[in-house]
2 protein chains.
Amino acid sequence: MPLLVMKFGGTSVADLDRIKNVAQKVKREVERGYDVIVIVSAMSGKTNELVGWVESTSPLYDAREYDAVVSSGENITAGLMALTLQEMDVPARSWQGWQVPINTTSAHASARFSSIPTENLNAKFAEGFKVAVVAGFQGVSPEGRITTLGRGGSDTTAVAFAAAFGAERCDIFTDVDGIYTTDPRITSRARKLDRIAFEEMLELASLGAKVLQTRSVELAMRYKVPLRVLSSFEDTDENSGTLLCDEDEIMESKVVSGVAYSRDEAKVTLVTVEDSPGIAAAIFGPLSEAGVNVDMIVQNISEKADVGPVTDMTFSCPTNQVARARKAMEDAKAAGTIRYEDLSIDSDVAKVSVVGIGMRSHAGVAAIMFKALSKENINIKVISTSEIKISVLIDRKYMELAVQALHDAFELDKAG
Amino acid sequence: MPLLVMKFGGTSVADLDRIKNVAQKVKREVERGYDVIVIVSAMSGKTNELVGWVESTSPLYDAREYDAVVSSGENITAGLMALTLQEMDVPARSWQGWQVPINTTSAHASARFSSIPTENLNAKFAEGFKVAVVAGFQGVSPEGRITTLGRGGSDTTAVAFAAAFGAERCDIFTDVDGIYTTDPRITSRARKLDRIAFEEMLELASLGAKVLQTRSVELAMRYKVPLRVLSSFEDTDENSGTLLCDEDEIMESKVVSGVAYSRDEAKVTLVTVEDSPGIAAAIFGPLSEAGVNVDMIVQNISEKADVGPVTDMTFSCPTNQVARARKAMEDAKAAGTIRYEDLSIDSDVAKVSVVGIGMRSHAGVAAIMFKALSKENINIKVISTSEIKISVLIDRKYMELAVQALHDAFELDKAG
């Protein structure tokens, strides 16, 4: 029997009516001949309520107890979903993490899967059950305690089940109808993509992170699980939503698939750093220890007559980490581990990126990008490139304009 | 290490402040040198919410899914209680039913204990944990599915743990401060009992049922678990509340311990029933099948010249079952399995009982009772006696008066 995994997030199961609505989608797949594993989140708001109780009780909580409390939300939805399907004459039962069992590491509140044995569920499918409703986001540790995977873990649960059971596809139902070429709030010309490669999705995190947890995309990519994002609030068929897949399966000929952005970036430059072997480690070691998430890094070497080789070292980080970054650099200077003349900070920048697997085989993408920005008189402050992405830092006030200009320049409103 | 079981009901753990309040009581026992097993209910209102969802989803629900959903309430409280104790520097962890494991039958929604292995909890106590917080009301079936014990099951969980672990005592914290000689709403002279025998408590169900589930009292009696009822909202010490214990341990010399009542009773009389062997079975079989809970039964044999031996058969049942009782009797008459002249129904009666283990060795209790009622001009309609109880049916309007008169007649306001 072919098997599908269908995952419903919190807003999709927010109340009994919505549970009934999405159960209809499950029933339709059963009628098409599929066995279905349904992964459910907690009803919208429930997890926050439980987390709130834990944090009020114990600010530095024992993560094992946090997991025991917070996992309840998914258990409730799983039972209610199984009952709803039974009412529709679909043979279904619920499974809590320890019943499957979903074996994970003991890293409570951020556990990782170690194994998902298929025997128990398959035995029930063999008995004639058509649907296994599994509580997402949770598992059981080697010590027999309940674990959770961290926020958004239900997506990862879904992909892991699809991989373990060799599912034909993993459908992630959510409150948007797919992945767009860019944020539709920034340009109305944003277009929903029918397909996107896993690698592109990872680079488009700023567009996709609200839709799909990065870890689930990585897992789907590793196990080549076709992953589909679609709306639980619309009628859907086998062509709905956006399919994330291996790049071999992408037919679209677009060089660029999407334009991503990140609003709250800061640019930090260490001016005239004395260059020497190990200088990068001397700078970024303390930043990492201070909890600064460094994103782009750019370095220019020059020669200065009196001190020898010097460099300007520029990096970007989230705006709210600038104070920490400054302190780490000043401390390092005071300790004598790095020497620089000045620390220049620009907290009013944004990052705009174009992403596409087609870049690998197409030259000239950077030229089109820079020309489009130049035409709008947008000054580029930092450039960074990877195999399938080109990112620039620009003044924040130009961010929307830049996204619109790039979306037009690469004709993303037109299907490939 | 001596061990205590402490059980907190829903109102005692209704919010985070109350959980903190009762955790203080646990800490105090730990400081006195006890290991403690804490049994918790769901936060007040939670179970009703979950039951409501299940019933709305599926009126004829699968009890296995009901149990999976409804048991979540206790799991949440258990985790929060463990966190609260940890915040007070008391080494504690939570246990869900399947983790202990609390082995039960597969009778979902009304499961019974089959075994409670002590190894897992004792291993943790040996490691230095002082408190095991156990989710009440639940267990796990031989098939590995979650079971619940039915409403009020947390009391029974507490007693079962006390028996399994050989606890010194089982303390049931609730919203009243003990068991009273009668309902204090009926007479202000009602007095809290320091001790009461298990048997008396069972007969005083109408006073005690709001406080303690009957099944838990039966279990405590069987395993001779000293069971104490006390308030979670007051400062309590080792003399607080009421201790339920074996009658050997009762020092009080009172013949009567309490006056119980039941307001909504009906009296049904089959007038001039033709008596023959098996007539009782012919009457009470159909009543039982119709779901009528018959309480008192009284029969008077007489001789009637034309038909041979005849009897008037009287029984009592809850008022809301009268219609069912009438139909069952009329059907049986129509079917010819019983013959009677008339069916007389009095729906305006109440039952008043005096209870006391001292009756076993003291004569004259009935005489005092009847005299006290007679003095108030209260007519007795039916009398029924057991070894430690005398019950009468009277007109409902005299119920409060009767309770007050009997309470005075047996001087229950005075300590024994």
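Predicted model: local features only at pLDDT ≥ 70, side-chain atom pairs only at ≥ 80, totals over all residues.
Chain A is superposed on chain B by a rotation of 179° with 0.0 Å of shift along the axis, and the RMSD is 0.2 Å. This is the relation of a two-fold axis. Within chain A, the C-alpha nearest the axis belongs to A:Ser72 and lies 2.8 Å from it. Of the interface residues of chain A, 100% are also interface residues in chain B, so the copies meet through the same surface.

Helix α11 of chain A comprises 13 residues, 322-334. At 1.5 Å a residue, the helix should span 18 Å, which agrees with the 18 Å between its end C-alpha atoms. Five positions of α11(A) are named as buried: A:Val322, A:Ala325, A:Ala328, A:Met329 and A:Ala332. These residues cover an arc of only 130° around the axis, and they therefore lie on the same side of α11(A). An α-helix has 3.6 residues a turn, so residues three or four places apart point the same way. The buried residues of α11(A) pack against β13 (258-274), α10 (279-289), β15 (308-318) and β16 (342-355) of chain A. On the other side of α11(A), the exposed residues are A:Ala323, A:Lys327 and A:Ala334. Just after α11(A), A:Gly336 has a positive phi of about 80°.

A:Ile394 belongs to strand β18 (residues 389-395) of chain A. Its relative accessible area is 0%; A:Ile394 is therefore buried, since buried means under 20%. Apart from neighbours within four places in sequence, A:Ile394 is in contact with residues including A:Asp348, A:Val349, A:Ala350, A:Val352, A:Ile378, A:Ile380, A:Met399 and A:Ala402. By way of separation, A:Ala290 is 104 residues from A:Ile394 along the chain, and their C-alpha atoms are 26 Å apart.

Most residues other than glycine have a negative phi, and most peptide bonds are trans. A cis peptide bond joins A:Val100 and A:Pro101, with omega about -15°. A:Pro101 is placed in the loop between β3 (92-95) and β4 (103-104) of chain A. In chain B, B:Val100 and B:Pro101 are joined by a cis peptide bond with omega about -15°, and B:Pro101 lies in the loop between β3 (92-95) and β4 (103-104) of that chain. Positive phi values occur at A:Asp89, near 65°, and at A:Ala109, near 70°. A:Asp89, in the loop between α4 (72-87) and β3 of chain A, is exposed, with a relative accessible area of 69%. A:Ala109, in the loop between β4 and β5 (113-115) of chain A, is partly exposed, at 23%.

Key. Residues numbered from 1 in each chain as written. Chains lettered and ligands numbered in written order. Heavy atoms only, no water. Least-squares fit on C-alpha atoms with pLDDT ≥ 70 in both. Contact = heavy atoms within 4.5 Å. Helix = DSSP H or I, 4+ residues; strand = E, 2+ residues; numbered from the N terminus. Expected span 1.5 Å × (residues − 1). Buried < 20%, exposed > 50% of the residue type's maximum accessible area, 1.4 Å probe, protein only. Arc of directions from axis to C-beta.
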